[in-house]
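Trainee: Hi! I'm new to this one, could you walk me through it?
Mentor: Happy to, let's open it up together.

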Amino acid sequence: MDIKQMYKTIVQDPFPKEMKIVLGDRELVFKKRTWNIGGEEKGLRYGENPDQPACLYELVQGEMELGGVVFRGPGKGLVSALTEDNMLQAGKHPGKINLTDVDNGINILQYLTRKPAAIILKHNNPSGAAWSDEGVFTALKKAYFADRIAAFGGAVVVNCPLNKECAEFLSSYYFEVVAAPSYEQGVLDILKKKKNLRILEIPGLARLDELVGIPFLDLKSLVDGGIIAQFSFRNKILSEKDFLPAKAEKDGKIVYARKPTPQELEDLFFAWAVEAGVTSNSVLFAKNGQTVAIGTGEQDRVGCVELTVHKAYTKYADNIVFKEKNMSLYELKLKARDDSDLEEYLDDILKRTEEAKGGLKDSVLVSDGFFPFRDGVDVAIEQGVTAIAQPGGSIRDFEVIEAVNEAVPQVAMVFTAQRSFKH
């Protein structure tokens, strides 16, 4: 089969209509989700890749309680409960990646319900996220320009009704999916001009605070066919007050870090919420309710910080070029090879980016795991970070706190007392 045709072909779905999971004396019943699209019953387009059959199951029956903790039960479905009425436009109709991107957007937004918020996701990681008292359009625009390059072909998820201003903005760029709790009048007329755009209406996006603290059964399949079952991650940082003071003891000496300012605390809270949806090992920079750079899936923490700094510089320079020349940073670099004026302009862009430290000045940093050494913290401080949140618990916490205390001006630090690893 031609490779282009492969991506257009729907893989035959051999999965049964019902799945049951029995845990001890509890039975959970799941129903396969299909949709009538164009007069034909269809399930998922395909799985992670076009040659992988896949299906979506919704929990429809059975309650579960383990260790005195009640899990999310039937009737709470969001992505898995999508019907034809919710699929306002099927586009090429969704595959596994489209829906898991939306699902991870929901995972993040459940902790950001007090303001209009927008998440843009690619490959099940947020590329950009923002929230704003000014409304959903401001949040959406900030989320997009947090990483304009990675947003190409992404999934957009918002937690409040999508308005015309948002629709016109979305229509100016290429996205594969948009999901919102509802759409204001006239919005769909604008969005549907993009025939392949999947437009999802998920009313539960307006009630995500109902999910917080209630786990679901998280199943991880092993290559040998085995399964690891775990409680899903439950975020302990549900307000700024939940952060703990950063302190450590060594040889009878106790050190404390500076407490964050109210603005720093709010940005740390926002960043920690987004961090819950980032593949580990990860760090995340944020400023004024917007992600500046997101580092994902690295093997060492200092390397993750360094790579995230590099991403911040790249995105910052690209935004300048896009706004001033309506081209990408990479297009500019290519054209500058044969154009001395553009070469001079590129040098100026890089100089301006260096002076602004890629937008990292006065940002905050969160880390999903503790810092095993102070090196990662030192790298962040060098870029102008003013506050850091991390789990704490390293045998070198004393040295890490010393690093922020030695900084001029002094950098704040708080502990979360939990990791937010996501593998």
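Mentor: Let's start with Asp318, which counts as buried because its relative accessibility is 1%. Buried means under 20% relative accessible area, exposed means over 50%, and partly exposed is in between, with a 1.4 Å probe and protein chains only.

Trainee: Is this a predicted model or what, and how are residues numbered?
Mentor: This is a predicted model, where local features need pLDDT of at least 70, side-chain atom pairs count only at pLDDT 80 or more, and totals for chains, interfaces and linings use all residues. Residues are numbered from 1 along each chain as its sequence is written, and side-chain values use heavy atoms, with hydrogens and water left out.

Trainee: Back to Asp318, which side chain does it meet in a salt bridge?
Mentor: That's Arg148, at 2.9 Å from N to O. A salt bridge here is a side-chain nitrogen of Lys or Arg within 4 Å of a carboxyl oxygen of Asp or Glu.

Trainee: Where do Arg148 and Asp318 sit in the chain?
Mentor: They link distant parts, 170 residues apart: Arg148 is in the loop between α3 (136–146) and β11 (154–158), while Asp318 is in helix α7 (residues 301–325). Helices (H or I, at least four residues) and strands (E, at least two) are DSSP runs, numbered from the N terminus.

Trainee: And Arg148, buried or exposed?
Mentor: Arg148 counts as buried, since its relative accessibility is 13%.

Trainee: Why would side chains pair up like that?
Mentor: Side chains of opposite charge can pair when their charged atoms come close.

Trainee: How many salt bridges are in the whole structure?
Mentor: A search of the whole structure finds 20.

Trainee: Which residues do shared partners join into one network?
Mentor: Arg114, Lys115, Asp133, Glu240 and Glu266.

Trainee: Let's take Glu266, how far is it from Lys115 in their salt bridge?
Mentor: The closest N and O atoms of Lys115 and Glu266 are 2.9 Å apart. Lys115 lies in the loop between α2 and β9 and Glu266 in helix α6, so this pair ties together parts 151 residues apart in sequence.

Trainee: What about Glu266 and Arg114?
Mentor: They form a salt bridge too, with the closest N and O atoms 3.9 Å apart. Arg114 is in the loop between α2 (96–109) and β9, and helix α6 covers residues 262–275, so that pair ties together parts 152 residues apart.

Trainee: How accessible are those three?
Mentor: Glu266 is partly exposed at 22%, Arg114 is partly exposed at 43%, and Lys115 is buried at 11%.

Trainee: New topic: where is His123?
Mentor: His123 is in the loop between β9 (117–122) and β10 (125–131), and counts as exposed because its relative accessibility is 63%.
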